[in-house]
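Open the model in your viewer and have the selection tool ready. We will go from stop to stop, picking a few residues or helices each time.

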Amino acid sequence: MELLRIIKHVTFNLLILLMVFSKLSGQDFKTVRTAFEESYKYEKAGDFSHALDQLKEVYDEDSYEINLRLGWLNYQAGVFTESIAHYQRAINLKPYAEEAKFGLVLPKAAIGKWAEVINLYKEILEISPNQTLANYRLGLIYYGQEAYEKAHLHFKKVVDLYPFKYDALIMLAWTNYRMGKSREALILFEKSLWYFPQDPSALEGLRLLGADAN
């Protein structure tokens, strides 16, 4: 009888605790949801300071979503150090998530940390080699650095996956032109004109190649 009484007492206490935790969980969800909602309203109005304040009130260092959002809002506010810290925290929480790495690129690029930006894109491509946005942006960086062979590798990857994607087509065309591959450049400039028939970039490329675009 004594054992039965103890079991009933423990069971009753566990039920009470579960009810309390369930209630707290519901309250926390509603509070955080409201904080996100308010932060979107302030962001839309361009008031990043108050948008940040909403999430700081419910900040949880183990929340990927809150850290990701704080990374974005701090970037928008021009507070790049805080933005980097929150994006990095989000990456630490979910190492395979691409969105946090793409987010971290923003403040890193804003302060001119291009070597670190390149490494971030490489990290993304190690996990997802066919990630078109990372390939394209990495191609742009290498093209700007006049590292045309590296740029070619990444632009070609995008064009192989999306043969009629204008942005990659035109950049692959110009990369081939810079590398002295006139025939390949000509074909790609012409294909770019199928996408944008009066595209000034493609027309300029054909003019430099001495080709008739009419």
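Start by selecting Trp72 and Tyr75: both sit in helix α3 (residues 64-77), 3 residues apart, about one turn of the helix. Helices here are DSSP runs of H or I with at least four residues, strands are E runs of at least two, and both are numbered from the N terminus. Before moving on, please note that this is a predicted model, in which local features need pLDDT of at least 70 and side-chain atom pairs count only at pLDDT 80 or more, while totals for chains, interfaces and linings use all residues. Residues are numbered from 1 along each chain as its sequence is written, and side-chain values use heavy atoms, with hydrogens and water left out.

**Aromatic rings**

Stay with this pair. A search of the whole structure finds 12 aromatic pairs. The ring centres of Trp72 and Tyr75 are 5.9 Å apart and their planes are at 35 degrees, so this pair is tilted. (Rings of Phe, Tyr and Trp, the last by its six-membered ring, pair if their centres lie within 6.5 Å; planes under 30 degrees apart are stacked, over 60 edge-to-face, and the rest tilted.) Trp72 is partly exposed at 29% relative accessibility, and Tyr75 is partly exposed too, at 22%. (Buried means under 20% relative accessible area, exposed over 50%, and partly exposed in between, with a 1.4 Å probe and protein chains only.)

Now select Phe164, Tyr166, Tyr195 and Phe196, which ring pairs link into a cluster.

Next, pick His86 in helix α4. Is His86 buried or exposed? At 11% relative accessibility, it counts as buried. Leaving aside neighbours within four places in sequence, His86 is in contact (heavy atoms within 4.5 Å) with Tyr59, Asn67, Leu70, Gly71 and Asn74.

**Helix α4 against α5**

Show α4 (residues 80-93) with α5 (residues 98-110): their axes come within 9 Å and cross at roughly 160 degrees. That makes α4 roughly antiparallel to α5. Axes are lines fitted to C-alpha atoms, for helices over the stretch in contact, with angles from 0 to 180 degrees between N-to-C directions. Angles under 35 degrees count as roughly parallel, over 145 as roughly antiparallel, 65 to 115 as roughly perpendicular and the rest as oblique. On the α4 side, look for residues including Phe80, Ile84 and Tyr87; on the α5 side, Leu104 and Pro107 are among those they meet.

**Helix α6 against α7**

Move on to α6 (residues 114-127) and α7 (residues 132-144), whose axes come within 10 Å and cross at roughly 150 degrees. These two are therefore roughly antiparallel to each other. Among the residues in this contact are Trp114, Ile118 and Tyr121 of α6, and Leu138 and Ile141 of α7.

**Helix α9 against α11**

For another helix pair, select α9 (residues 166-178) and α11 (residues 200-208), which pack at about 20 degrees with axes 11 Å apart. That makes α9 roughly parallel to α11. Here Tyr166, Ile170, Trp174 and Tyr177 from α9 meet Ser201, Ala202, Glu204, Gly205 and Leu208 from α11.

**Last stop: Lys156**

Finish at Lys156 in helix α8 (residues 148-161). Lys156 is partly exposed, with a relative accessible area of 38%. Its C-alpha atom is 9.1 Å from that of Tyr136, 20 residues apart along the chain.
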